[in-house]
Amino acid sequence: MSAQPDWLQQLQQLLAFGVDIDDPVGARLDFYDLDGHHQHHAVLARHARLDVDCVWIRLIAGTGPSFDLHECRRRGLPISNVTAAAGQVRFETADGHVTVAAATDPDDLEILRAWDEFVLLELPASDEHAIAQLVDDSW
Amino acid sequence: MGSGGSKSHQAFAIAPAAVATPSKAGNVADGPAPDVDYFVDDDDNIITATPSTVHPYPVDEDTSTSSVAGADPQVAAVVADWDSDRVLTPIPDELVAGAPLGAGIAVGGADLEDGSVTLMSYNGPNGEPREVLLCKLTPDGEDKLLDALTPPDAPLVAVDVETTVTGRLPLDETNKLHEQLARVAKSINHHNSNNTDIPEHTIERLAELHKQLDELKATTTAADDAQMIDTYLAGVAACEERTAAGYSVGYAEGGKIDMIHPHEHTGPATITKMVPDPTWQGDGLVTSKRTASRIAAKLSNGEATWDGHSRNDTSGTELAVDLGDGYQAIYRPSTLNAAGSSNASQHHTLEIVAPAGAGNSHELVERLGQLNIVNRPMNRTEAEYSYLARNIYAHEIEQHPAVVAARASAVGLEDAHEHQLLIERGHQAAGLDDTQLASFARQLRLDAEASALSDKVRIMRGGVASALGYKTADALTSDPTYKPTPNPTGGWLNWSRVKPPTTSTFKGRSLTHRVTSGNLEEIFASGALASTERRRAMGIFSNKGMSEAADQRTGGARGVFLRMSSGTGTGGCRLVWDDPERILSRTDWYGYNGDHFGAAVAGTGHSIKGQTRNPTKAAGFTASNNEIIVANGLDLLGADAPSRVYCSSKTQRAAVLQQLTAAGVTHLAGRPIDKVIT
């Protein structure tokens with residue numbers, strides 16, 4: 001089994017809780033247009049899964065306390081051109097669109113706290129497992 | 001016509017009909033006949049006429065002429081195939097209250113995308129249903145609607161409204177009791193799921209919370225507070241059980257602490273709302289601008305419920321329009337919602353909400369007329385126009401010179417019809433003031449659009465035929481795959497492709513959709529794999545947050561996501577269509593060989609480069625994150641039923657089979673259900 005690429009390890013570190021579940025950190029995904037202008041961002045759920053031609057992640061939709069998992073669907077980021085540096089993982093598509101995963105800012109931590117609480121306290125264990133697997137298209 | 005009110009363009013309610021047009025079913029008995037291909041004579045016989053020789057509008061009778069069938073052989077050929085029923089989908093007199101998918105109705109004109117509306121009837125309070133019309137306008141339709149409105153700057157006045165509020169108790173909020181309990185429980189679940197030791201500080205916090213709750217219980221006298229404390233003490237007990245020495249229940253086997261929701265109570269309150277000043281007089285319907293929103297419906301036991309007023313905010317701006325008599329329209333114009341800063345999936349969407357009670361289905365459609373939108377069931381000519389428009393989109397021939405030329409000619413036609421009407425009615429303009437003249441001109445334009453429709457269909461046929469490689473328009477309409485009638489699917493309609501893909505197009509490929517195993521039964525209970533926007537209308541989930549999914553931003557939330565796979569896809573619980581041509585013969589899908597977050601339009605921050613509606617290109621998708629977005633949803637128990645349903649266990653298979661049998665479903669996609677459900 002081949003070793004994980006460095007960028008994947010860095011991405012997973014960004015997604016993780018951090019050292020204290022009570023004082024979590026996490027990651028966000030920023031989207032840029034072809035001119036490099038920031039378009040929008042989304043808070044990322046805790047897991048990533050490497051596939052043959054993409055890495056699957058999950059965007060958190062909503063602010064909680066409950067979330068519609070159908071809307072927090074998995075997404076596949078392209079891995080043909082990935083770079084990791086200075087606390088960021090940068091994904092670029094063939095047509096030049098850039099998406100950057102980075103540590104989330106304090107404003108979004110409340111969303112992440114609500115998500116963690118939702119996953120750890122509200123969902124059945126089977127759904128919590130399915131969220132981590134990143135294989136299902138809908139709930 | 002029931003449009004009510006005093007605005008001049010309300011008269012557009014498709015009234016201008018010189019020819020009475022009772023359908024066989026009587027559904028458009030009081031409607032106009034802006035299409036001029038078909039008329040019903042006094043003996044109820046269908047007559048066709050050339051549009052250029054008939055004026056279906058209130059012209060002087062002595063100038064009105066008609067020409068019997070045969071002037072346009074293409075029209076006649078199609079008529080022969082269309083039977084005598086002029087209305088494609090009659091408006092039901094009664095809607096089924098609580099039906100989550102609603103009823104799809106084909107509505108005339110070119111104002112509506114897909115030429116259809118969905119009529120919903122939600123279960124409402126006190127046994128009174130709440131009926132709503134949902135649809136999406138074309139850009140041209142939006143222009144017409146905005147013309148019917150006064151600018152959204154009418155003064156607002158404050159009114160006090162009695163309502164019921166639900167919230168947490170002050171004792172809970174002051175002491176942050178729920179926050180403390182959730183923090184502890186979250187930590188315990190996190191460490192138990194990872195088989196790590198529970199930190200000492202978590203144990204200490206749990207003990208402190210227990211002590212605090214005991215002290216509050218000893219001093220409180222209010223029954224609501226006591227109930228709240230008991231609820232939280234039960235949560236504390238669950239936490240203490242998991243932290244006790246020797247606790248050995250596995251995390252997935254019941255060891256996970258269940259959600260402990262905040263304890264809430266419900267009580268009456270008076271709130272102040274700002275509403276448009278009902279005494280204000282403007283040129284058009286009174287309109288107010290507000291944050292975009294959605295109906296806050298709820299789906300429970302297979303029935304959709306809405307109280308008639310609760311809404312959930314989304315991102316963007318909408319216009320609320322008072323139509324009078326308790327009817328209200330809500331519209332999200334693209335002019336107020338730039339791509340990238342609002343939900344593209346809501347752009348151009350219109351709701352009309354009826355007052356409480358049943359029996360409003362006809363009136364809901366009629367009310368479109370107040371907004372300058374064609375407001376009657378669709379007839380065959382209008383169906384063909386929508387069919388051609390959808391095929392232009394599906395075949396990606398918008399920029400083909402023949403189509404561009406046809407469209408330009410169509411615009412010219414409307415101008416010509418308008419000119420003709422002006423000659424006929426010009427004398428009516430004498431003595432009108434400026435406002436009346438504006439209304440007169442607007443009416444003239446609307447009538448010209450309707451009058452020109454059948455000529456436009458004829459021209460568009462020629463353009464589409466040329467773009468798709470047919471030698472003549474006759475050759476196009478003679479193609480057995482030319483089917484200009486919509487297919488009812490769930491609570492919506494879709495249109496088929498001329499020259500659809502075939503089995504060989506998708507040899508060795510399938511469409512798949514992975515479903516979380518615990519929710520397969522729920523999907524079949526609803527009968528549909530529905531888009532996010534449809535799910536919201538059905539009440540499947542009401543996300544109260546302002547931050548919404550990327551799909552809604554990109555417009556992808558108006559469709560369901562499928563993936564092109566080889567064979568039957570990878571393992572797990574999933575729906576599989578072995579014959580993608582059955583789904584992709586529709587005109588309302590698009591796809592990418594990669595994840596573009598379902599981007600429907602440009603400017604949302606997600607590239608639309610590589611978007612295709614070409615079945616052959618879709619068949620060649622190889623990326624594991626490819627996506628095919630099908631509008632509205634799939635009728636899993638009808639025409640869109642999957643070829644196979646892979647369950648996660650024998651137990652689940654038995655449950656799904658039992659569920660379908662109980663619902664009277666014996667076959668899916670033409671096969672016995674026990675062959676499909678595996």
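These entries record what I looked up in a predicted model.

**Conventions.** I number residues from 1 along each chain as its sequence is written, and chains are lettered from A in the order in which they are written. Local features need pLDDT of at least 70 and side-chain atom pairs pLDDT 80 or more, totals for chains, interfaces and linings use all residues, and side-chain values use heavy atoms, without hydrogens or water.

**Entry 1: B:D172.** I located B:D172 in helix α3 (residues 170-175) of chain B; helices are DSSP runs of H or I with at least four residues, strands runs of E with at least two, numbered from the N terminus. B:D172 counts as buried because its relative accessibility is 0%, the limit being under 20% with a 1.4 Å probe on protein chains only. Its side chain reaches the backbone nitrogen of B:H178 at 3.1 Å. Leaving out residues up to four places away in sequence, I found B:D172 touching B:L177, B:H178, B:M228, B:Y232 and B:H263 (heavy atoms within 4.5 Å).

**Entry 2: interface of chains B and A.** I found 57 residues of chain B in contact with 46 residues of chain A. The two chains bury about 4300 Å² between them, 50% of it on carbon and sulfur atoms; this is the accessible area (1.4 Å probe) lost on being put together, summed over both parts. B:K186, B:M259 and B:R514 supply 16% of the area that chain B buries against chain A, more than any other three residues. I noted seven salt bridges across the interface (side-chain nitrogen of Lys or Arg within 4 Å of a carboxyl oxygen of Asp or Glu). One of them joins B:E627 and A:R75 at 3.2 Å, N to O.

Conventions: Buried < 20%, exposed > 50% of the residue type's maximum accessible area, 1.4 Å probe, protein only. Polar contact = N/O pair within 3.5 Å; in protein donor to acceptor, adjacent residues only side chain to side chain.
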